[in-house]
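Below is a set of questions and answers on one protein model. Each answer works towards the value or name that was asked for.

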2 protein chains.
Amino acid sequence: MSIYQATASAPVNIAVIKYWGKRDTKLILPTNSSLSVTLDQDHLRSTTTSRADPSFERDQLWLNGKEDEIKPGGRLATCIAEMKRLRKETVEDKNPEEPKISDYKVHIASYNNFPTAAGLASSASGFAALVASLAYLYALPSSPSVLSAIARQGSGSACRSLFGGFVAWDMGSQPNGADSLARQVAPQSHWPEMHALICVVSDAKKGTSSTSGMQRTVETSALLQHRITHVVPERMESISNAILQKDFDTFARITMKDSNQFHAVALDTEPPIFYMNDVSRAIIALVVEYNRLSLEKGQGCKAAYTYDAGPNAVIYALKENVKEIMQLVVSYFPQKPEEFKDVLGLFGEGSLDLNAQAKVPVGFNEAVAQRFEIGAVKGLIHTRVGDGPRKLSDDEGLLAANGLPKTLV
Amino acid sequence: MSIYQATASAPVNIAVIKYWGKRDTKLILPTNSSLSVTLDQDHLRSTTTSRADPSFERDQLWLNGKEDEIKPGGRLATCIAEMKRLRKETVEDKNPEEPKISDYKVHIASYNNFPTAAGLASSASGFAALVASLAYLYALPSSPSVLSAIARQGSGSACRSLFGGFVAWDMGSQPNGADSLARQVAPQSHWPEMHALICVVSDAKKGTSSTSGMQRTVETSALLQHRITHVVPERMESISNAILQKDFDTFARITMKDSNQFHAVALDTEPPIFYMNDVSRAIIALVVEYNRLSLEKGQGCKAAYTYDAGPNAVIYALKENVKEIMQLVVSYFPQKPEEFKDVLGLFGEGSLDLNAQAKVPVGFNEAVAQRFEIGAVKGLIHTRVGDGPRKLSDDEGLLAANGLPKTLV
């Protein structure tokens with residue numbers, strides 16, 4: 001008897017043109033298009049194993065070893081049902097010899113290799129890995145764009161994690177969402193020098209969830225409509241061109257402007273939503289001053305901050321500048337040596353001073369921010385642009401022979 | 001020989017519809033109308049004595065006992081020249097018997113009764129007191145609106161301090177600024193129950209000056225134009241009606257929305273401008289939760305926060321609710337008893353617990369903010385709506401017989 005199982009991993013993505021607001025909350029259709037960089041899943045990833053088996057009594061899903069309820073009509077249920085429908089319509093109905101596994105219940109085990117406490121949105125990589133593993137399990141002929149429309153119904157930004165590189169999510173116009181799809185603007189190989197430094201920021205207070213926050217903005221912000229209609233379309237085009245031309249300066253300017261505008265419309269919400277805190281503000285001040293210096297030298301912006309629905313900063317920079325930027329960040333936000341991992345091997349031993357007293361570039365105005373205590377930035381993750389979902393071998397599967405997560409066995 | 005001298009005091013005002021952006025930086029013509037509440041000068045005021053004397057060799061001005069240079073073509077010079085012109089045109093040219101004191105040089109001494117360190121904008125009360133004292137000195141027949149056009153050229157928001165009560169500054173449309181004037185919406189006596197609690201917030205970092213900040217917003221914010229054209233006009237009308245109807249709930253909602261939107265367009269500026277910090281955010285969270293409770297009881301909003309170009313909160317509330325709000329603020333931001341002044345005599349001895357462990361209303365969700373250390377809010381000033389500029393007696397004059405500030409003699 002065959003075992004129907006597949007395992008996939010999928011990456012995190014961090015938007016540079018922000019998604020904030022749904023025009024259809026059930027289908028998850030956005031009020032504006034968005035664009036993101038897919039990050040390297042060698043560093044940050046969700047891994048998911050899906051198995052279909054006639055002996056299973058119900059669809060079940062475990063996240064990091066803990067069962068997550070699949071609520072009827074909920075987002076998980078929708079994605080699984082849509083994938084089964086695709087299996088039936090595009091494989092089984094067309095080729096009667098294919099096994100009718102779309103009727104079987106599925107067991108799904110998923111695992112994120114980054115701690116939830118890091119404050120990184122895991123729903124994007126999670127739903128992308130879910131959809132990718134089911135697509136492999138069901139041997140679907142579907143394109144990543146078709147799959148993106150299903151991942152989108154799990155978590156909007158998940159659709160962008162179906163592609164590597166630089167990815168647009170076109171808002172579309174059809175009421176059924178058929179044209180609200182992700183699309184690759186450029187592959188990872190086009191601009192592999194694009195690196196990212198994630199600054200994990202501590203926050204005393206839990207922020208507003210993005211799901212409820214964005215709808216409050218849609219309902220109450222007087223500025224959001226202007227952003228949607230008059231600002232985002234032009235930015236989508238400009239930043240796509242900047243990516244195609246590998247024009248980092250333009251990429252950086254638009255990225256920072258759009259992060260600021262997203263937080264501006266959040267603040268224009270009733271009651272106001274704040275995601276950035278004083279540490280986030282200080283990181284912005286460092287990047288602004290760092291860019292001021294390089295602009296003065298005619299080199300254009302060398303770093304671009306962006307903030308999602310939380311206080312963490314993601315700083316995009318070209319590989320050649322990451323070391324300098326990391327040293328700058330560490331000078332204001334000292335790190336414990338034992339917790340710092342030089343993942344990409346950029347730093348030879350001792351080449352990064354993890355507890356420097358403001359070791360900043362020549363001409364840098366040190367007064368733009370105060371120096372914080374250890375722990376204000378509780379972690380630094382250095383990564384880069386990466387590829388799309390990967391099919392993994394059965395050796396890497398997360399389900400044991402009995403159909404339960406290996407971690408539970 | 002006559003002594004030509006007059007002394008006036010003028011109040012601070014705190015806007016509820018914010019002024020942010022000039023369409024003419026020399027004449028100080030704003031990009032949108034604004035509206036403020038004049039605060040009681042019994043508590044916060046600028047006092048100014050002006051003297052004209054043929055023996056004076058040049059126009060001179062002392063602020064808090066220290067000479068301030070009157071730069072040719074600068075804002076001080078403009079205001080003084082305009083006042084001399086008014087004296088000549090409306091008094092001396094029409095009545096040849098009036099002494100030609102518009103030819104004399106003036107000495108001006110000004111004093112703010114609140115410390116600069118409090119972070120309260122002193123330019124509004126300062127320029128209003130300057131203009132008022134010169135108007136008394138010159139015995140001008142001019143209305144406060146005419147004088148407001150001159151104070152406006154010293155500091156935009158100063159024009160609103162020429163009136164007591166609730167004051168609009170109509171942006172006007174004429175290129176020469178002749179119709180960009182302040183106007184009283186309602187006098188102090190219309191709604192004397194309007195109180196204000198100023199929370200003086202410490203900040204590690206000096207923020208962007210409002211003069212340079214607002215022009216950066218005009219030049220770079222994609223959202224500002226929408227605010228100017230589509231949001232402010234309707235809010236000016238609605239909040240004026242709310243004031244006339246003494247509808248605190250509507251007044252509060254618009255006040256908070258407009259404060260948030262002002263900070264949103266500041267954040268949408270390139271590079272972004274932040275005035276609020278984590279303490280400011282926490283005060284917002286307290287007010288939002290406090291209002292949630294009163295809305296639940298069908299009582300409408302009972303408090304309205306507003307923030308100018310700095311981290312200080314001003315909380316507007318009706319007199320009957322101030323005590324409860326003050327207790328709430330003090331529960332999260334403990335005060336040193338020796339520094340707390342019960343200016344309005346609202347609190348009997350021991351009725352306010354200055355170091356309470358979250359002494360909050362029943363049903364209040366204490367988790368909306370953390371409790372801060374002493375010093376995070378370094379002072380509380382309780383005041384209320386007040387009247388416009390006052391003429392003071394010569395006994396209260398700030399210049400000695402020799403024409404120098406008394407503090408210097």
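A residue counts as buried under 20% relative accessible area, as exposed over 50%, and as partly exposed in between. The model is predicted.

Q: Is Lys246(B) buried, partly exposed or exposed?
A: Lys246(B) sits in the loop between α5 (224-244) and α6 of chain B. Its relative accessibility is 42%. Buried requires a value under 20% and exposed a value over 50%, so Lys246(B) is classed as partly exposed.

Q: What is the phi of Lys246(B), which is not a glycine?
A: Most residues other than glycine have a negative phi. Lys246(B) is not a glycine, but its phi is positive, at about 50°.

Q: Is Ile28(B) buried or exposed?
A: Ile28(B) belongs to the loop between β3 (22-24) and β4 (29-30) of chain B. Its phi is positive, near 55°, and it is a residue other than glycine. The relative accessible area of Ile28(B) is 0%, so Ile28(B) is buried.

Q: What is omega for the peptide bond from Glu270(B) to Pro271(B)?
A: In chain B, Pro271(B) lies in the loop between α6 (248-267) and α7 (278-296). The bond from Glu270(B) to Pro271(B) is cis, and its omega is near -15°.

Q: How far apart are the C-alpha centres of domain 1 and domain 2 of chain A?
A: Domain 1 of chain A takes in 4-190 + 391-408, and domain 2 takes in 194-384. The C-alpha centres of domain 1 of chain A and domain 2 of chain A are separated by 28 Å.

Q: What area is buried between domain 1 of chain A and domain 2 of chain A?
A: Between domain 1 and domain 2 of chain A, carbon and sulfur atoms give 68% of the buried area. That area comes to about 3,100 Å².

Q: How many residue pairs are in polar contact between domain 1 of chain A and domain 2 of chain A?
A: Two salt bridges are counted between domain 1 of chain A and domain 2 of chain A. Separately, Asp308(A) and Lys18(A) meet through their side chains in a salt bridge, N to O at 2.5 Å. For polar contact between domain 1 of chain A and domain 2 of chain A, the count is 13 residue pairs.

Q: Which strands each supply at least two residues of the side of domain 1 of chain A that touches domain 2 of chain A?
A: By class, this side of domain 1 of chain A, touching domain 2 of chain A, has 17 nonpolar, 10 polar and five charged residues. The strands that each supply at least two of its residues are β2 (13-17), β5 (34-38), β10 (166-169) and β11 (182-186) of chain A.

Q: Which residue's side chain makes a polar contact with the side chain of Asn13(A)?
A: Asn13(A) is part of strand β2 of chain A, and at 6% relative accessibility it counts as buried. Its side chain reaches the backbone oxygen of Ser157(A) at 3.1 Å. The side-chain partner, at 2.9 Å, is Arg160(A).

Q: Which three residues supply 23% of the area that chain A buries against chain B?
A: The contact involves 32 residues of chain A and 31 residues of chain B. Chain A and chain B bury about 2,600 Å² between them, of which carbon and sulfur atoms give 63%. On the chain A side, 23% is supplied by Leu223(A), Phe274(A) and Arg281(A), more than any other three residues.

Q: Which element gives the most to the side of chain A that touches chain B?
A: Across the interface of chain A and chain B there are two salt bridges and seven residue pairs in polar contact. The elements that give two or more residues to the side of chain A touching chain B are α5 (224-244), α6 (248-267) and α7 (278-296) of chain A. The element that gives the most, with eight residues, is α6(A).

Q: Which residue of chain B forms a salt bridge with Lys257(A)?
A: A salt bridge needs the nitrogen within 4 Å of a carboxyl oxygen. The closest N and O atoms are 3.9 Å apart, and the partner of Lys257(A) is Glu270(B).

Technical notes. Residues numbered from 1 in each chain as written. Chains lettered and ligands numbered in written order. Predicted model: local features only at pLDDT ≥ 70, side-chain atom pairs only at ≥ 80, totals over all residues. Heavy atoms only, no water. Domains from an automatic or database assignment. Buried area = accessible area lost by both parts, 1.4 Å probe. Polar contact = N/O pair within 3.5 Å; in protein donor to acceptor, adjacent residues only side chain to side chain. Helix = DSSP H or I, 4+ residues; strand = E, 2+ residues; numbered from the N terminus. Nonpolar A, V, L, I, M, F, W, Y, C, P; charged D, E, K, R; others polar. Contact = heavy atoms within 4.5 Å. Buried < 20%, exposed > 50% of the residue type's maximum accessible area, 1.4 Å probe, protein only.
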